[in-house]
Structures are given as C-alpha cells and as structure tokens.
Amino acid sequence: MTTSQHRPPRSGAPRIGLLGSYGGYNIGDEAILQCVLGCLRGHRPQARLTVFSRDAEHTRAHQPMADEVVGWEGVPQKQVTDVLAGLDLLVLGGGGILYDGEARRYLKLVRAAQMRGVRTFAYAVGAGPLHEPDDREAVRTVLPDMDEVVVRDQESRLVLEEVGVERDLVVTADPALLLPPEPFTADMMRQEGVPANARLVGMSVREPGRAAEKLDEGDYHALLADVADFLVRRLDAHVVFMPMERHDVRHAHAVLSRMTAPDRGRILHSAYTPGQVLGLMSHLDLVVGMRLHFLIFAALSGLPVLPLPYAGKVFDFARRLGAPALVGVAREQVGLLLAEVDRLWDEFPQRRVDLGARVSALRELAAETCARCGALLDDMDRRADRAEDTAAGADPVGGPALPAPHGLHLLETGPEDGAVRSGGAGQEA
C-alpha cells in the first residue's frame, strides 16, 4: 500500500498536529509533550498547534502552548480524520508508543494523515515489545512512508529492524531531556510531610503492565522494601516515593507496607507538573527507580542514579548514563542490588563529572530531534514558495527539494554529532 502524494504546501502559518500518549496519564509523557510543543513553537512561533489527546480536558488545562486539543479515543473516526486532513504536518510522539496493543492504534491515524497528503514525522519514539502480528504489520507498512523516523534509543532501532522496517532510522535521545525545572517549594515539601534538613532518597515504583509483563508483584515489592530499609540504615535517610502515574501510588503503598521502617517513608499524593517533579529532584541526595522519566529527571539534576531495569528502554538509558544496571528486577538479586547502592553512594563524588558530560551529550541528541523537525518545516516552506512561484508563472528559486516522501537526510551531519543512523542493512553512518 502506498500513500497519496504530498499535496502542495499552503502558505502562511503551518498547521501541525501532535499525536502521542497525552492527557495526564503519565508525567513522562506530559514532559515529552511540553518539550515537543516548545520545539515546534520555537521553530514556528505562528504555527497552529493541535494536540490529539486521550483526555482533551486535561490537555487544555495543562498545555497552554496548544492552540487546539482534539480527543481521539471514543469519538467517531470522521471527526478525527477531518482534523487530520486540515494539517500540514503530523508529528508522532515522542515516547514509547510503538508497542503491542498500541502501535496499530497510533499508526492508523498516521496512515490516515498520509493518505490525505499530510507530511509525517516520528519524533524520538520508543518501540517494543512488538510481538502481535497486527502491530508488527502496522509498523512495517506505515513507518517507511513517513518523512523521517527518529527513535530515542538503540533498543527501539533494533526492535524496528527485527520487525522488518526497511528505511533509514536515526537514534537520538528522549525529548524530556530538554525539560526546564520548576520550583518545588519548602511549603510543598511540608504539605507532603517530607522532613526538612534530612537526607532524602527518591524511589520510583511502577505497576506491571504490557511494558513490564514479567514483573512478579510480590517479588519486586519485597525487593524494593529491602532496598528502602537498607537506605534508611546506611544513609540515615528518609525515602520519598514519587509516583509518575496514578497506578504507581498503590504499588508504592505495597512497598511501604513491607518495610521494617515504614515511618521513614513518604508517598507523594498531590498532582504536580513535570517541571515541578524535576524541581523536586534538587531536594534529593540519591534515587533508585524503575520509571524511565524519573531516572531522566534525576540524571538532569546531577544525582546518583540506580536504575531498576524492567524493560529495554531502561537498560539502554542506564548504559548511556554509565549507571549500574542489573539484569531484571527480582528478589534473588537483593544482595547484588544492595552492593550496587553502596558502591554508587561511595563512588559518586568521583563519577559526578562523567555523569554531567554524559547528560550533556544526551541533551544535544535530544536537541537534534528538534532541529530535524525544524528542517522538515523549512523544506515545506521552500516547497510552498516554489509552488507559489510556479502558480504565478515565475521560475522556481532556491536549491533542490529534499526527496519525497521520506525526506530522510534533513541535516547534513557528520559522525561527530553523536546521532546513530541505520539503513535497511543496519549499517551505522
């Protein structure tokens, strides 16, 4: 199946849609949305930005950079496709959205946009696991017809190659690495019952789900309780459980109930913006966690980070961060995990500079995704100018257009820029 040809670009402010797991379900996804909106607004201040949200009311209330919000779940398809047809560009992602049970849903809208001549760009998406035939087929058929596909980590690239995606892929980094912090005040700390002038350890516990199907609840709850108790004793610390989505609260309570020192643990219950959660990191001394964006926020804040990998994306981030990473999250690993926590705390003063350099490099890669999307917008503008000149009977001006429909080489960059590119044969440029 092939898409229809790109329609001639329209002059004036572009109309850009953003499609992802937006709507307040997950702080990490909201951080991504804020950063992608900021990128697009920076490149095209006058653009009309439309967010396709799973909870339109939440997005309207919390994302002021969006000009329009469209709910796309549980509504007649024509309402959504009519909005898609009016776009110049549809941006997919970023974040982990190409996985079993979800990939086909998102890519159905991407295909609908392509069939209406809308340009499409995958913005540092995450992929996997992908085992379901319908999801694999959607990925294999829709992604090759996108103008560019940027993934956020090597794991995602490998997953897409295994599925059979035959096109160039670019590996950068998670968009949330560019999130600006917001203050988390002393009053907010008091309201949450977090003690002042105490050593604080942040902990992230996630729920089992499609992205973490192999987790045994009782097993990893007990493991994290052992870790929390060790940190209380070893560092004379208080443990602050930081839910990144609403289902995390129940699992944080389960861990707290298994601790021998539950009086040293607090669970945050109020709702906070992604920037405020990032701001809270400035009050912490060390973090141990499962959620990817919890770990990203900690790394941005220069904290000692111990990832608890439950999925490939966390393994990948731990590797890029140079952080210790265990193989899975299981109770029998408790001795190894406690030893890693101990070593992380003792060695961090010597590792601080290395961590800062690695985070800076990841931020540069995250910024490259934004630059690539901006380059696509520039190409669209050039095509619009040429179309107007042709319609007016003038000779087209400017350099040659970027190739369509894929538009793969939007930036002329060398190997030193840190991005990883792969072709159909899996070769790195």
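Reader: Among contacts between residues at least 6 apart in sequence, what percentage join residues at least 24 apart?

Author: This is a predicted model, in which local features need pLDDT of at least 70 and side-chain atom pairs count only at pLDDT 80 or more, while totals for chains, interfaces and linings use all residues. Residues are numbered from 1 along each chain as its sequence is written, and side-chain values use heavy atoms, with hydrogens and water left out. A contact means heavy atoms within 4.5 Å. Among contacts between residues at least 6 apart in sequence, the share that joins residues at least 24 apart is 74%.

Reader: How many helices and strands does the protein have?

Author: Helices (H or I, at least four residues) and strands (E, at least two) are DSSP runs, numbered from the N terminus. By that rule, the secondary structure comes to 13 helices and 13 strands.

Reader: What percentage of the residues count as buried?

Author: Buried means under 20% relative accessible area, exposed means over 50%, and partly exposed lies in between, with a 1.4 Å probe and protein chains only. The protein has 429 residues, and the buried share is 56%.

Reader: Which residues touch the most other members of the largest nonpolar core?

Author: In soluble globular proteins, nonpolar side chains tend to be buried together. A nonpolar core is a set of buried Ala, Val, Leu, Ile, Met, Phe, Trp, Tyr and Cys residues joined through side-chain atoms within 4.5 Å. The largest one here has 102 residues, and the members that touch the most others are F241 and F297.

Reader: Which helix gives the largest share of this core?

Author: The largest share is 15 residues, and these come from residues 334-391, which form helix α13. A second, separate core of 36 residues includes F52, L84, V125 and M146.

Reader: Are the residues on the two faces of strand β9 buried or exposed?

Author: In a regular strand the side chains alternate between the two faces of the sheet. In β9 (residues 238-241), H238 and V240 lie on one side, with V239 and F241 on the other. Both faces are covered, and these four residues are all buried.

Reader: Which residue in β10 does V240 stand opposite?

Author: Two strands pair if DSSP finds at least two bridges between them. Strand β8 (residues 200-204) runs parallel to β9 and is joined to it by 4 bridges, with V201 opposite V239. Strand β10 (residues 265-267) also runs parallel to β9, through 3 bridges. There, the residue opposite V240 is R266.

Reader: Why is helix α11 largely enclosed by the rest of the structure?

Author: Helix α11 covers residues 292-300. Its buried residues are L292, H293, F294, L295, I296, F297, A298 and A299.

Reader: Which element gives the largest share of the lining of the largest cavity?

Author: On a 1 Å grid over the protein atoms alone, a cavity is a set of points where a 1.4 Å probe fits but cannot get out, a pocket is an open set with protein on both sides within 12 Å along at least five of seven lines, and lining residues have an atom within 4 Å of a point. Grid points are joined across faces, edges and corners, and a volume is the space filled by probe spheres set on the points. The largest cavity holds about 90 Å³, and the elements that give two or more residues to its lining are α11 and α12 (312-321). The largest share, 4 residues, comes from α12.

Reader: How many charged residues are in the lining of the second largest pocket?

Author: This pocket has a volume of about 650 Å³, and the closest to its centre of its 29 lining residues are G24, I27, H58, A271 and Y272. Ala, Val, Leu, Ile, Met, Phe, Trp, Tyr, Cys and Pro count as nonpolar, Asp, Glu, Lys and Arg as charged, and the others, Gly among them, as polar. By class the lining has 14 nonpolar and 10 polar residues, and the charged ones number 5.

Reader: Which residues does R358 touch, not counting those up to four places away in sequence?

Author: R358 is found in helix α13 and counts as partly exposed, at 30% relative accessibility. With residues up to four places away in sequence left out, R358 touches R319, R320, L321 and G322.
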